[in-house]
Amino acid sequence: MGKVVVFDHPLIQHKLTHIRDIDTGTKEFRELVDEVATLMAFDITRDLPLEEIDVKTPVATAKSKVLSGKKLGIVPILRAGIGMVDGILKLIPAAKVGHVGLYRDPETLQPIEYYVKLPTDVEERDFIVVDPMLATGGSAVEAIHSLKKRGAKNIKFMCLIAAPEGVDTLKEAHPDVDIFIAALDEKLNEKGYIVPGLGDAGDRLFGTK
């Protein structure tokens, strides 16, 4: 059963406050999202396996640990998820990056896959799917389904802000996926926006309306 982790680190909470602020401009918003993604990645990778090697220091030979070759993949949900990728790559630069693009069907309001590009060795990688917002949960559910049907077996989901409704939807659809959240907000409003949220993450990242 997947776990739900809500981060309470003071640096993450401090930066998230400025991300929410309506007066935070595009440049600062982008930098803050990048920084919070780095801080979250530090904890989300806590269970990566290690192996011991010998390393020669200027003084002697030491038994020391290195990552044991676990292959990682980062998959942003287009387009807002892109804003979190560089922050994670700062810590794990060897990770491969895939992309999943979804649009909402105007009639059914369901997310439809329009673009998927993943590393060729999907079955051998642990994936972190990233999107700043987990609102209704529809996009996250569909993105993870896109990975699973191409052979991905170990997937985590990471977002800045989530609504309880989105968390419940994602847990029900993919009970094996761990969910990592910087803040769990109050609810969704009638338009499907997270309250209090931060507005439209894509527009704020890229300066569009």
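How many salt bridges does the structure hold?

Mentor: The model is predicted, and the structure holds 15 salt bridges. One of them joins the side chains of Arg 20 and Asp 185, with N to O at 2.7 Å. This pair links distant parts of the chain, since Arg 20 is in helix α1 whereas Asp 185 is in the loop between β11 and β12, 165 residues apart. The two partners also fall into separate classes of accessibility: Arg 20 counts as partly exposed because its relative accessibility is 26%, while Asp 185, at 9%, is below the 20% limit and therefore counts as buried.

Another pair is formed by Asp 54 and Lys 63, whose closest N and O atoms are 3.2 Å apart, and here both residues are exposed. Glu 123 and Lys 153 also meet through their side chains, at 4.0 Å from N to O, a value that sits at the cut-off of 4 Å used for a salt bridge. Glu 123 belongs to the loop between β7 and β8 and Lys 153 to the loop between α4 and β10, so this pair ties together parts that are 30 residues apart in sequence. Both Glu 123 and Lys 153 are exposed.

Met 40 is placed in helix α2 and is buried, because its relative accessible area is 0%. Leaving out residues up to four places away in sequence, Met 40 touches a set that includes Phe 7, Ile 12, Met 158 and Phe 180, and Leu 160 is one of its contacts as well. Leu 160 in turn touches, under the same exclusion of up to four places, residues including Leu 16, Ile 19, Met 84 and Ile 181. The C-alpha atoms of Met 40 and Ile 88 are separated by 8.2 Å, although these residues are 48 apart along the chain. Ile 88 is among the buried residues of α3, together with Gly 83, Met 84, Val 85 and Gly 87, and the buried residues of this helix pack against α2, β4, β5, β8, β10 and α6.

Asp 23, in the loop between α1 and α2, counts as exposed because its relative accessibility is 68%. Tyr 103, Ile 112, Tyr 114 and Tyr 115 make a nonpolar surface patch of about 400 Å², and the largest share of that patch, three residues, comes from strand β7. Tyr 115 is found in this strand and is partly exposed, with a relative accessible area of 38%.

How values were computed
Residues numbered from 1 in each chain as written. Predicted model: local features only at pLDDT ≥ 70, side-chain atom pairs only at ≥ 80, totals over all residues. Heavy atoms only, no water. Patch = residues over 30% accessible without salt bridge, like charges linked within 9 Å, V, L, I, M, F, W, Y side chains within 5 Å. Areas by Shrake-Rupley, 256 points an atom, 1.4 Å probe, with all protein chains shown as cover. Helix = DSSP H or I, 4+ residues; strand = E, 2+ residues; numbered from the N terminus. Buried < 20%, exposed > 50% of the residue type's maximum accessible area, 1.4 Å probe, protein only. Contact = heavy atoms within 4.5 Å.
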